Amino acid sequence: MKRLKNLIILFLVLSLTPSCSDYLDVVPDNTLTLEDLFKSKEEAWNALAKVYSYMPRIEQTHSSIWTAGDEYIGRLDYNDNTGDLRGIRLMRGLQSVTNPLLGDWSNTNGGTRLYAGIRQANVFLSNIDQVPDMSDQERSEWRAQVKFLKAYYNFLLVKKYGPIIISDELIAPDASKDQLFLERTKVEDCFDYIIALMNEAIPDLREKAIATLLGQVDQAAAKAIKARVMLFRASPFFNGNMEYFGDFVGPDGEPYFPLDYNKEKWKEAIDAIEEALLACETNGIELYEYSAQPYIFDREDYMANTENVQRIYDLRMAITDPWNKELVWGFSNIDIYGGSELAHSTNMRLPEGYGGGITNEPGFSWQWMAATYRMAERYYTENGVPIEEDLNFDQDKKWELTTTPGANDPEYTELRGIMQPGAETINLYMNREPRFYANLAITGGYWRSHGVRINTMMYAGSHGGFNSSQHTTDYYETGIGIKKFVHMESKSGHWARTVKYPYPIIRLADLYLMKAEALNEYYDTPTQEVYDAINVVRERAGVPDVESVWADASIVKTVNKHKTKEGMRDIILQERSIEFAFEGSRFWDMIRTKRAVMEFSSPVWGWEYTGTTGADFFNLEVKQTRRFTITDCLWPIDLNEMNTNSNLVQNPGW
């Protein structure tokens, strides 16, 4: 019943989009005018849905920006197909000025028509006042939503392009050349415009979206996104970036980026984050905890190992439990019938011998979007520190084969529901933090999907592994799967067998880690308030507090790393890369902190997926080369745009 309700909500919020997906783009003639399109509340509702329809498709495997970075690797036979895995192609140095990947300026190669969305917002704002059958409150609230979306679309453009063209008013059909072909606006002015527009919108938004309108922006969501805008504005890429953009100037000879660092921008970010956290607290938004009964296949292990299995449920369901309390704003324009989401490309096919689904049915279970080997090392040890920092983790033996304790062995109790008893695996997969086991499909672990619990081995011919007799192209290239986006009840073969949910645009954990980062950057040395903010997230994840573990000389190599601004910066960024793994956060975190070039230019490694035994399987090999340069940090403006508008200055390097 709950799942049906969620599906209905998804339809109610944005299912009107198809009915108005084209007609508002038609140039009005003597028969159809803009006034006709706003002659009733129903027509205005369609126009509102139209503005929402331009939200980027973060859930789509081949056009999601989430796949950019160093977390994913897909099918290698798609390497030369420009229409597939565009985020990964971006990381391979395949960006092009003639057909930019995920180009949102001109809607190229999987991009979103954000300027069309902004134009649609201008149409709405210019005509909403003439709708006769609306109350002033309704009109004000709808106007506020569109103002916010307009600001948000501009922010998404700034993230990719830096200085953009600000289109604040509806341009008339008879506009002059000077009105049509505008210059790019300086980055700081872009941020000022975005923030001002959000500030205008927020007071008139609903405090909290009602159940039938989930997915529409409310005050909590708007304040959270505004806080993110302020965080980007204060970050090194946009705040005093002389290194990258000292000679990037406009037609007036003035630099497009602010070249002088302004520390006070972090204070403004802190204030915005605090305001967003207060709005979340007031409206019952809190970190997710799974409150239902565990599934039947976990009942016995749950009774014997309650705390650890509960933790796995908390972490695993924080994304896939629809409209849960942690979600501040989610992307709800999901294709109910489609099967091309990250949830589907990452989902493991049901192996033979299990009930609850359709064995080896490819629809909605592609089994080929994998995690890079780097992700297997990125998660913490059970002590809540990186593996290279943990004195109790033997780096020299991390790839050695080992066997988990047997079912009747006392040492197995804390592994029940986490790892299989008496299973072959490697030391790297042992004694890791709960998020490691909740998010990654590994040899010797479990995959909860199709309504069953699968014993994953990942070897060729084993559960989760390569099987050439059934699928020669569909397999996890690295031998490491991604469980994060797959609901435990999602099956295959038909859309009605899957559980759909809104993909998170922002969730509460992000605000806590944003707060920790902003405080750390603003003050000369980390304060207890910094530790408290990050510890809220770590506590839910089941790892020790920062100040306790990093001060323990028996655990960490770099004792008291957390007491310096630079050390705490590294700790916070790694915490973000783990908590928001695969959610599109790390790519932008590395961009805005000017670490992308260093982090994203190394090859992708993985296990030898054709191996049928541990000795054959656990051998690292290069799967794909990657190349990411300073030039790639800003998207190129499509060459057609450059040829059309002589006032445009191309981004550096393109």
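**Note on the predicted model**

1. In the helix pair near the end of this list of elements, L573, R576 and S577 of α20 meet S585, R586, D589, M590 and R592 of α21, where contact means heavy atoms within 4.5 Å and helices (H or I, at least four residues) and strands (E, at least two) are DSSP runs numbered from the N terminus. The residues of this contact divide into two nonpolar, two polar and four charged; Ala, Val, Leu, Ile, Met, Phe, Trp, Tyr, Cys and Pro count as nonpolar, Asp, Glu, Lys and Arg as charged, and the others, Gly among them, as polar.

2. The axes of α20 (residues 565–579) and α21 (residues 585–592) come within 9 Å and cross at roughly 155 degrees, with axes fitted to C-alpha atoms over the stretch in contact and angles running from 0 to 180 degrees between N-to-C directions. That makes α20 roughly antiparallel to α21, a term for angles over 145 degrees.

3. This is a predicted model, in which local features need pLDDT of at least 70, side-chain atom pairs count only at pLDDT 80 or more, and totals for chains, interfaces and linings use all residues. Residues are numbered from 1 along each chain as its sequence is written, and side-chain values use heavy atoms, with hydrogens and water left out.

4. The mean pLDDT (the predictor's confidence in each residue, from 0 to 100) of the protein chain is 93, and 94% of its residues reach 70 or more. Over residues 1–32, however, the pLDDT is below 50, although this stretch has 59 contacts in the model beyond near neighbours in sequence. Where pLDDT is low, the predicted coordinates should not be read in detail.

5. Helix α11 (residues 264–282) has 19 residues and reaches 27 Å from its first C-alpha to its last, close to the 27 Å expected, the expected span being 1.5 Å times one less than the number of residues. Its buried residues (under 20% relative accessible area; exposed is over 50%, partly exposed in between, with a 1.4 Å probe and protein chains only) include W266, I270, I273 and L277. The cover over the buried residues of α11 includes α8 (187–201), α9 (219–234), β2 (327–331) and α17 (508–522). Just after α11, G284 takes a positive phi of about 75 degrees.

How values were computed. Parallel < 35°, antiparallel > 145°, perpendicular 65-115°, else oblique.
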